[in-house]
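Please read this briefing alongside the sequence and the model, taking the confidence values before the local detail.

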Amino acid sequence: MPFGNTHNQLKMNYIAEQEYPDLSQHNNHMAKVLTLEMYANLRDKQTPSGFTVDDVIQTGVDNPGHPFIMTVGCVAGDEETYEVFKDLLDPIIEDRHGGYKPTDKHKTDLNPDNLQGGDDLDPNYVLSSRVRTGRSIRSFCLPPHCSRGERRAIEGLSVEALGALDGDLKGKYYALKDMTEEEQQQLIDDHFLFDKPVSPLLLASGMARDWPDDNKTFLVWVNEEDHLRVISMQKGGNMKEVFTRFCTGLTKIEELFKEKGHEFMWNEHLGYVLTCPSNLGTGLRGGVHVKLPNLSKHEKFSEILKRLRLQKRGTGGVDTAAVGGVFDISNADRLGFSEVELVQMVVDGVKLLVEMEKRLEAGQSINDLMPEQK
Amino acid sequence: MPFGNTHNNFKLNYSVEDEFPDLTKHNNHMAKVLTQEMYAKLRDKQTPTGFTVDDVIQTGVDNPGHPFIMTVGCVAGDEESYEVFKDLLDPVISDRHGGYKATDKHKTDLNFENLKGGDDLDPNYVLSSRVRTGRSIKGYALPPHNSRGERRAVEKLSVEALNSLDGEFKGKYYPLKSMTDAEQEQLIADHFLFDKPVSPLLLGAGMARDWPDARGIWHNENKTFLVWVNEEDHLRVISMQKGGNMKEVFKRFCVGLQRIEEIFKKHNHGFMWNQHLGFILTCPSNLGTGLRGGVHVKLPKLSTHAKFEEILNRLRLQKRGTGGVDTASVGGVFDISNADRIGSSEVDQVQCVVDGVKLMVEMEKKLEKGESIDSMIPAQK
């Protein structure tokens with residue numbers, strides 16, 4: 001967001017108390033953590049690209065809370081943000097990611113052979129399966145902070161790398177600015193394109209998707225909330241196939257970037273580094289659109305999801321409501337578990353949820369099916 | 001908007017071409033003026049508070065055009081923006097303000113006695129009369145750019161100044177963050193309170209940051225004199241009342257404004273003003289007088305007449321919906337106000353409104369009777 005050079009120094013003319021935001025009406029992770037003392041300690045710092053603590057927290061100041069989800073309320077502007085502002089971000093990460101400590105190590109596992117089952121979720125209930133993650137390209141600023149030149153450079157690099165994919169991953173790039181309104185709407189309806197920013201939580205800067213021929217099963221978004229969002233999806237319940245394509249494609253893309261001298265932002269502690277602290281680790285959200293009209297009205301629905309380490313969203317994605325008893329069910333965790341582990345939870349969990357739905361349809365109890373806390 | 005220290009220099013690692021915005025689909029004043037060469041020249045500059053050319057233009061880049069109005073597409077972050085970025089802003093000002101040149105001088109006239117007539121606009125047609133302007137407090141950054149500390153300092157100073165007013169101006173300050181939803185809705189319905197910012201034009205310029213911190217409304221007991229604190233400008237000063245007595249509205253406006261200015265001066269914070277641009281405000285469209293004087297007037301017939309736009313043009317007036325900028329009219333009632341801001345004085349501009357609205361009401365009456373208005377079409381003012 002910022003482009004100025006001297007404004008952070010100018011703010012130092014005011015004491016911390018005068019600059020500290022009023023968070024009394026706020027309910028997000030940032031507001032729970034940021035004290036006046038912490039703000040005072042951090043406010044004269046900046047990352048090498050000039051991101052300041054006020055940049056980190058602005059979204060959380062401007063959006064006090066959300067009715068459905070506990071929002072994070074802060075973002076990173078570059079890789080170094082997580083280091084320079086660790087006093088703020090470590091406790092947020094800990095609170096958001098189930099107690100993940102500053103000394104913890106994260107594991108990456110993108111071997112689809114390690115996934116058990118997942119090829120037989122009932123397509124009468126499971127309408128579609130999808131796995132997405134994000135990737136940031138090292139040495140560039142992140143979407144909240146990048147200039148037009150940086151954003152275009154990321155696009156240029158990404159298009160080159162993606163253009164080198166072949167076989168069933170071969171595809172094409174469509175720049176948002178050349179798309180007609182009709183094309184955009186169609187893609188939104190297909191669940192391929194993110195909505196134009198309706199959620200005040202997200203900053204979208206432009207987007208493109210890339211699909212091979214008619215299959216539209218592997219897509220990459222460029223410069224939306226992260227440098228890259230990589231998505232594998234298809235109708236029906238064969239999550240194994242979706243995950244296999246996901247891992248294969250992602251690994252190939254990473255190789256292609258490396259050939260051009262660009263790595264993804266990753267470290268042993270935080271895993272893949274992304275814009276929103278909620279997406280650290282795997283950055284993976286794997287899920288299904290599944291019909292659960294009976295189960296979703298059951299009083300224990302939220303409890304069941306919790307125990308399975310799953311979360312529900314509406315079918316428009318984050319910040320939307322469910323339509324017609326169809327829910328988006330996905331893994332709740334991102335960090336501290338590997339990709340395989342998270343998709344395993346989705347596969348096992350959704351299998352159980354569908355069984356429960358069938359029981360309830362038949363007017364039977366589901367009490368004996370209640371799972372333990374995973 | 002910006003708070004970083006080093007990011008502008010960081011951008012210089014990219015060529016001008018790589019950083020220059022794509023304005024091919026754009027239709028606003030900034031896009032008409034900003035060439036790549038100009039951008040190249042300005043991009044390494046900043047004002048003393050750190051406002052850069054990218055900050056100036058961001059709202060115009062993010063908002064390519066508006067269906068009803070030709071938007072400006074750029075904002076100032078402080079008083080110095082108009083000097084440091086004059087290569088961009090002078091042509092924008094000239095285009096927006098009818099050819100106003102970089103060497104022109106602006107006149108200020110807040111002597112209400114110089115207004116002729118204006119006390120007898122027909123209240124059967126003229127539902128309400130209003131005059132507003134903005135003021136910026138010298139020494140502070142403007143709403144696109146100020147920090148929370150600065151914004152709060154502006155609020156504190158303003159509240160001190162306003163609370164020392166007396167007589168018909170005696171009033172009270174209502175900070176936005178302690179107003180109930182019900183109070184807010186009432187004030188919006190009364191046309192007293194500014195909307196929560198939803199216009200992408202304002203959002204794109206960073207004016208909604210930290211909302212509602214340090215924003216509020218001050219008004220006198222009669223609700224005929226109001227001051228908005230920290231909306232699109234540091235201060236918006238408004239005089240308004242039901243009916244058509246624009247003379248009274250303007251008198252209260254001038255008297256109140258001058259009293260406020262005296263108090264600010266005593267605190268060593270005068271208003272931003274210079275001989276060339278008059279009063280300095282956030283949006284280049286509000287330079288000069290910053291004055292918008294107008295009425296809500298019923299013109300159901302005239303507004304559907306083929307020559308309505310032309311008439312307004314010649315009278316140097318503009319129309320808006322009754323919700324203000326960016327809204328549509330409801331029930332044939334229009335907000336009619338002066339189109340000019342700079343190059344003519346406050347008295348001149350309100351005179352245009354008074355004379356112009358008087359004429360349009362006469363035209364409306366003629367059309368009601370089924371008569372022609374061709375003989376009444378005015379010459380270009």
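In this predicted model, chain B has a mean pLDDT of 91, with 96% of its residues at 70 or more. Residues 1-5 of chain B, however, have a pLDDT below 50, although in the model this stretch makes 43 contacts beyond near neighbours in sequence. Where pLDDT is low, the predicted coordinates should not be read in detail. For the complex, the predictor gives an ipTM of 0.83 together with a pTM of 0.86.

**Helix packing in chain B**

- Helix H8 (residues 148-163) and helix H11 (residues 246-266) of chain B have axes that come within 9 Å and cross at roughly 125°, and because of that angle H8(B) is classed as oblique to H11(B).
- The crossing of H8(B) and H11(B) is right-handed.
- On the H8(B) side the contact is made by Leu157(B), Ser158(B), Ala161(B) and Leu162(B), which meet Ile260(B), Ile263(B) and Phe264(B) of H11(B).
- By residue class, the contact of H8(B) with H11(B) comprises six nonpolar residues and one polar residue, with no charged residue.

- Thr289(B) lies in the loop that runs between strand S7 (278-279) and strand S8 (292-298) of chain B.
- Thr289(B) counts as buried because its relative accessibility is 0%, where the cut-off for buried is under 20%.
- Leaving aside residues up to four places away in sequence, Thr289(B) touches His106(B), Thr133(B), Arg135(B) and Phe279(B), and also Arg341(B), Ser344(B), Ser345(B), Glu346(B) and Gln349(B).

Conventions:
Residues numbered from 1 in each chain as written. Chains lettered and ligands numbered in written order. Predicted model: local features only at pLDDT ≥ 70, side-chain atom pairs only at ≥ 80, totals over all residues. Heavy atoms only, no water. pLDDT = per-residue confidence, 0-100. Contact = heavy atoms within 4.5 Å. Helix = DSSP H or I, 4+ residues; strand = E, 2+ residues; numbered from the N terminus. Buried < 20%, exposed > 50% of the residue type's maximum accessible area, 1.4 Å probe, protein only. Axes fitted to C-alpha atoms, helices over the stretch in contact; angles between N-to-C directions. Parallel < 35°, antiparallel > 145°, perpendicular 65-115°, else oblique. Left-handed = near helix turned anticlockwise from the far one by under 90°. Nonpolar A, V, L, I, M, F, W, Y, C, P; charged D, E, K, R; others polar.
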